Amino acid sequence: MTSVIYPTSNLKTQPNLMIEKGDGSYVYDNKGKKYLEAMSGLWCTSLGYNNRELIDAASEQLSKLSYSHMFGGKTHQVGIDLAEKLSEMVPIHNAKVFFGNSGSDANDTNIKLLRYYYNAIGQPQKYKIIARERSYHGVTVASASLTGLSVNHSNFDLPFDALGVLRTDAPHYYHGALDGESEIDFVDRITGNLERLILKEGPETIAAFIAEPVTGASGVIVPPKGYYEKVQAILNKYSILFWADEVITAFGRLGKDFGSNAVGIKSPDIMSLAKQLSSGYIPISASVISGDIYQQIVESSESVGVFGHGYTYSGHPVGCAVALKTLEIYQRDNLFEHAATMGSYMQSQLKTLEEHPLVGEVRGKGMIAAVELVASKAPTISFKGNDVGAFAMHACQELGMITRAVAGSSLAFCPPLTIGKAEIDEMLFILKLALDRTFLFALNKNYLL
Ligand SMILES: Cc1ncc(COP(=O)(O)O)c(C=O)c1O
């Protein structure tokens, strides 16, 4: 027993893997065993491990200015440079950037920016946020309230009502469609539900709709074609802002610069960024808003005196230096294009696994995917509990690959964007062996229906 309270873990179990070092797409445990890191840590280590340029950027910045803040009139060049760079890159007009430390706090900041904005323009009643079932937006009190997964809610008594969190459908056709319903009809039905929710609550009370372009932690849900187009038409009709939580999907993960651009989301108003912003080397996040929203906040803050929100580590110079270098490498090495090419290869290879008796659905886009294991393929029946997903994840681990069981029995894949074809082949080879072992486990336990 150590003194650590482990995050997002079954606190009754002991850790079973001590990672000691990493290099490229691989990590090594404390006994020297090598693993293909098919999850980039927690969807973040996009440039792989031991990247010399990122290490040098951090160490040079540490030598030059290891810490400085941006409160009350102080600034530093590396923070300004990173904000300029992001503002150029994001699909938001005249974007302004607030720095934080994690995806969760970027989302908290965005909730506060929205409230500040609507107070500024004299609409304080417009504070509610529509979030989807089976979404993941983090675990701080506010961001966990946006998250649509019961495991992140249980026993925490979260202030859903005070925050005005409203819930709408997850756009997952495989589980959500009615018998015989086409994808188009499914999209019409769930976007119809969205519009009814807006009318019931009153559009004048709703600030924004938050969505991960493609979800991660909730099982990699890729919405059917046309979904975002219909959602945005409804939001525009009722003057509700679109908030893209791109904590996983930004910077090439879906094979384009931003997830919004990969799935047809047009000019989101707000964005949350983290993870691949620094390739996970140093904690840093960004809450991004349009110049129009920012201008109103500026006007209003004058009457308050100061804009009273900021973290000690907002714009930490080392985080900013590493993020700047990360963005430079993405662009210099054409990594978004590489991710698109390798992503198509990975998706096509994974798709072949739908032949396997355990695999109900393979889904994904670009360099993120999930392989869902089911108790019965037709009709679709999920496994009860998490036993099968956990077994499959551990089977991969024994065979030398790190993946993650999400949403019960889906295995997630999110390898470094730098991954090559041979490593994807290795991933598939290990996964097939692990699936066969898992099939025997499920058979012996009488879990198959
Ligand atoms: C879409 C999304 N938003 C927010 C978060 C929370 O980020 P963090 O764990 O850095 O707080 C995550 C984490 O996985 C995420 O996937």
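**Helix packing, enclosed space and selected loop residues**

Asn155 is exposed, with a relative accessible area of 76%, where exposed denotes over 50% relative accessible area, buried under 20% and partly exposed the range in between, computed with a 1.4 Å probe on protein chains only. The model is a predicted one, in which local features need pLDDT of at least 70 and side-chain atom pairs count only at pLDDT 80 or more, whereas totals for chains, interfaces and linings use all residues. Residues are numbered from 1 along each chain as its sequence is written, and side-chain values use heavy atoms, with hydrogens and water left out.

Asn155 lies in the loop between α5 (141-146) and α6 (160-163), helices (H or I, at least four residues) and strands (E, at least two) being DSSP runs numbered from the N terminus. The phi angle of Asn155 is near 70 degrees, a positive value in a residue other than glycine. Asn446, in the segment after α15, likewise is not a glycine and has a positive phi of about 60 degrees; at 65% relative accessibility, Asn446 counts as exposed. In the loop between β12 (368-376) and β13 (381-382) lies Pro379, and the peptide bond that leads from Ala378 to Pro379 is cis, with omega near 0 degrees.

Helix α3 (residues 77-89) and helix α12 (residues 317-332) have axes that come within 9 Å and cross at roughly 40 degrees, the axes being lines fitted to C-alpha atoms over the stretch in contact and the angles running from 0 to 180 degrees between N-to-C directions. The crossing of α3 past α12 is left-handed, that is, the near helix is turned anticlockwise from the far one by less than a right angle. On the α3 side the contact (heavy atoms within 4.5 Å) includes Val78, Leu82, Leu86 and Met89, and on the α12 side Ala323, Leu324 and Leu327 are among the residues involved. The contact residues comprise ten nonpolar, two polar and two charged, with Ala, Val, Leu, Ile, Met, Phe, Trp, Tyr, Cys and Pro counted as nonpolar, Asp, Glu, Lys and Arg as charged, and the others, Gly among them, as polar.

Leu277, placed in the loop between β9 (270-273) and β10 (285-289), counts as buried because its relative accessibility is 0%. Leaving aside neighbours within four places in sequence, the contacts of Leu277 include Leu86, Ala323 and Leu327. Leu417, in the loop between β16 (410-413) and α15 (421-444), is also buried, with a relative accessible area of 0%. Its C-alpha atom is separated by 6.7 Å from that of Leu335, 82 residues apart along the chain, and Leu335 is among the residues that Leu417 touches, as are Phe251, Tyr330 and Met367.

The structure holds one cavity of 30 Å³ or more, a cavity being a set of points on a 1 Å grid over the protein atoms alone where a 1.4 Å probe fits but cannot get out, whereas a pocket is an open set with protein on both sides within 12 Å along at least five of seven lines, and lining residues have an atom within 4 Å of a point. The largest cavity has a volume of about 40 Å³, and its lining includes Thr168, Asp169, Phe209 and Tyr227; α8 gives the largest share, three residues. The second largest pocket contains about 930 Å³ of space, volumes being the space filled by probe spheres set on grid points that are joined across faces, edges and corners. Of the 30 residues that line the second largest pocket, Met70, Val97, Phe98, Tyr294 and Phe307 lie nearest its centre, and the largest share of this lining, five residues, comes from α3.
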